Amino acid sequence: KAVVSTQSTGVRQMDMNLMPLGSHESLSKGELVGVGVSMDQGPSLLRVVMVRGQGTNEGVPFSHSICPTTFGADGHQSIKLLYFQIKCLVDRGIILVGHNITRQLKFVNIHLPSQQCIDTTDLFKNSLGATHSLQFLCPRILEADFVPGPQHAALASLQLYEKFLELKRAGQFEKTLKSLHSEGNTG
């Protein structure tokens, strides 16, 4: 069985049983959810952490899925449960924000509507399509070091998206992007 950790006031282990969120963790249409993905133990273990992007529990993880990517029964069941959790969020109108999220969730085999999926690699890529890692973007855009791990990736993705919106509102995004890519090409 797939095991999912959720956190509200503390961490507990539970079987997902196709029930992605408890009533205390209800999310509203249009709300942001940060998604962090990592491949552990080589490509054999997929870890996906989802954190709230808004409200009083902003930044608090509500899902931590660990899925074997092998094609055994356990791996298939874990991926299937993660698929249903993401599908439920998409069906509710939740907006998923992540760094390279579409490519990293290819194991789940789910279509993420473009209006509900914000990929921070796309926000900060140059005109030639070159992208940057979170390790490169965080110190330059957020002025903070990136700490590896899916929870930190989810939080960093949300913060990068907020910074993107802030720079757009201030009319500074193009200047920041040009500086970022100039630095990326020389470093």
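This report describes the fold, cores and selected residues of a predicted model.

## Basis of the model

Residues are numbered from 1 along each chain as its sequence is written, and side-chain values use heavy atoms, with hydrogens and water left out. Because this is a predicted model, local features need pLDDT of at least 70 and side-chain atom pairs count only at pLDDT 80 or more, while totals for chains, interfaces and linings use all residues.

## Overall fold

The protein chain has 6 helices and 7 strands. These are DSSP runs, numbered from the N terminus: helices are H or I with at least four residues, strands are E with at least two. Along the sequence, the pattern reads β-β-β-β-β-α-β-α-β-α-α-α-α.

Of the 187 residues, 45% are buried. Buried means under 20% relative accessible area, exposed means over 50%, and partly exposed lies in between (1.4 Å probe, protein chains only). Among contacts with a separation of 6 or more, 50% join residues 24 or more positions apart. A contact means heavy atoms within 4.5 Å.

The largest nonpolar core holds 25 residues. Such a core is a set of buried Ala, Val, Leu, Ile, Met, Phe, Trp, Tyr and Cys residues joined through side-chain atoms within 4.5 Å. Val-97, Phe-124, Leu-134, Leu-137, Tyr-161 and Leu-180 touch the most other members. At least two residues each come from strand E4 (45–52), strand E6 (95–98), helix H4 (134–142), helix H5 (150–169) and helix H6 (173–186). H5 gives the largest share, 8 residues.

Tyr-161 touches Leu-32, Val-97, Ile-118, Thr-120 and Leu-123, leaving aside residues up to four places away in sequence. A second core is separate and has 22 residues, including Leu-82, Val-90, Leu-96 and Leu-105.

## Where H4 meets H5

The axes of H4 and H5 come within 11 Å and cross at roughly 45°. Axes are lines fitted to C-alpha atoms, for helices over the stretch in contact, and angles run from 0 to 180 degrees between N-to-C directions. H4 and H5 are therefore oblique to each other. Angles under 35 degrees count as roughly parallel, over 145 as roughly antiparallel, 65 to 115 as roughly perpendicular and the rest as oblique.

From H4, Leu-134, Leu-137, Cys-138, Ile-141 and Leu-142 meet Ala-153, Ala-156, Gln-159, Leu-160 and Lys-163 of H5. This contact has 8 nonpolar residues, 1 polar and 1 charged. Ala, Val, Leu, Ile, Met, Phe, Trp, Tyr, Cys and Pro count as nonpolar, Asp, Glu, Lys and Arg as charged, and the others, Gly among them, as polar. The buried residues of H4 include Leu-134, Phe-136, Leu-137, Cys-138 and Ile-141.

## Ile-95 in strand E6

Ile-95 is found in E6. Its relative accessible area is 17%, so Ile-95 is buried. Ile-95 touches Gly-30, Glu-31, Leu-32, Val-33, Gln-115, Gln-116 and Ile-118, not counting residues up to four places away in sequence. Ser-28 and Ile-95 are 67 residues apart in sequence, yet 9.8 Å apart in space, C-alpha to C-alpha.

## Positive phi angles

Most residues other than glycine have a negative phi. Asn-100 is not a glycine, but its phi is positive, about 65°. Asn-100 sits in the loop between E6 and helix H2 (101–104).

Asn-109, also not a glycine, has a positive phi of about 60°. Its place is in the loop between H2 and strand E7 (117–119). Asn-109 counts as exposed, at 65% relative accessibility. Glu-143, which follows H4, has a positive phi near 55°.
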